[in-house]
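Trainee: I'm new to this one. Could you walk me through it, a question at a time?

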Amino acid sequence: HGLRLKKKVFSPVSKKMVNFKFLRFSMSHNYNHQMNDNDIADQLRLVYRLMRFSRNQKWWWALWLWGLEVSKVNAYMMYRRYHEL
């Protein structure tokens with residue numbers, strides 16, 4: 001199934017903005033519109049990294065810090081989502 005969507009585009013023939021009708025698969029449409037939380041979580045993980053200054057550590061230390069970072073960001077995202085009233 002597809003979604004019938006409209007988008008304003010410039011028409012060189014009429015030299016103005018016109019509505020352009022097109023079909024989009026509902027699966028890709030839903031995926032693209034629900035990715036916002038993942039993008040924000042990735043940005044937060046990049047800003048609040050714990051492994052920024054740790055070099056020459058054991059492999060398990062890097063894995064543990066990554067897990068801690070992901071847990072902190074996910075906890076913050078859940079708190080923000082469920083406490084906005």
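Predicted model: local features only at pLDDT ≥ 70, side-chain atom pairs only at ≥ 80, totals over all residues.

Mentor: Residues are numbered from 1 along each chain as its sequence is written, and side-chain values use heavy atoms, with hydrogens and water left out.

Trainee: What pattern does the protein follow along the sequence?

Mentor: Helices (H or I, at least four residues) and strands (E, at least two) are DSSP runs, numbered from the N terminus. The protein has three helices and two strands. Read along the sequence, they give β-β-α-α-α.

Trainee: How many bridges join S1 to S2?

Mentor: Strands pair if DSSP finds at least two bridges between them. S1 and S2 form a hairpin with four residues between them, and Lys 15 in that turn has a positive phi of about 55°. Arg 4, for instance, has Leu 23 in S2 as its bridge partner. S1 (residues 2-11) and S2 (residues 16-25) run antiparallel, and the number of bridges joining them is 10.

Trainee: Is Glu 69 buried or exposed?

Mentor: Buried means under 20% relative accessible area, exposed over 50%, and partly exposed in between (1.4 Å probe, protein chains only). Glu 69 is found in H3 (residues 59-82), and the buried residues of that helix include Leu 65 and Val 70. The relative accessible area of Glu 69 is 6%, so the residue is buried.

Trainee: Which residues is Glu 69 in contact with, leaving aside neighbours within four places in sequence?

Mentor: Contact means heavy atoms within 4.5 Å. With those neighbours left out, the partners of Glu 69 are Tyr 48, Arg 49, Leu 50 and Met 51.

Trainee: Which residue forms a salt bridge with Arg 45?

Mentor: Side chains of opposite charge can pair when their charged atoms come close. The rule here asks for a side-chain nitrogen of Lys or Arg within 4 Å of a carboxyl oxygen of Asp or Glu, and the count comes to one salt bridge. Both its residues lie in helix H2 (residues 36-47), three residues apart, about one turn of the helix. The closest N and O atoms are 2.9 Å apart, and the partner of Arg 45 is Asp 42.

Trainee: Why is the pair of Phe 20 and Phe 22 stacked?

Mentor: Rings of Phe, Tyr and Trp (its six-membered ring) pair if their centres lie within 6.5 Å; planes under 30 degrees apart count as stacked, over 60 as edge-to-face and the rest as tilted. That rule gives three aromatic pairs. In this one, the ring centres of Phe 20 and Phe 22 are 6.2 Å apart, and the pair is stacked because the planes are at 20°.

Trainee: What is the angle between the planes of Trp 61 and Trp 64?

Mentor: Both lie in H3, three residues apart, and ring pairs link Trp 60, Trp 61 and Trp 64 into a cluster. Trp 61 and Trp 64 are stacked at 5.6 Å centre to centre, and the angle between their planes is 15°.
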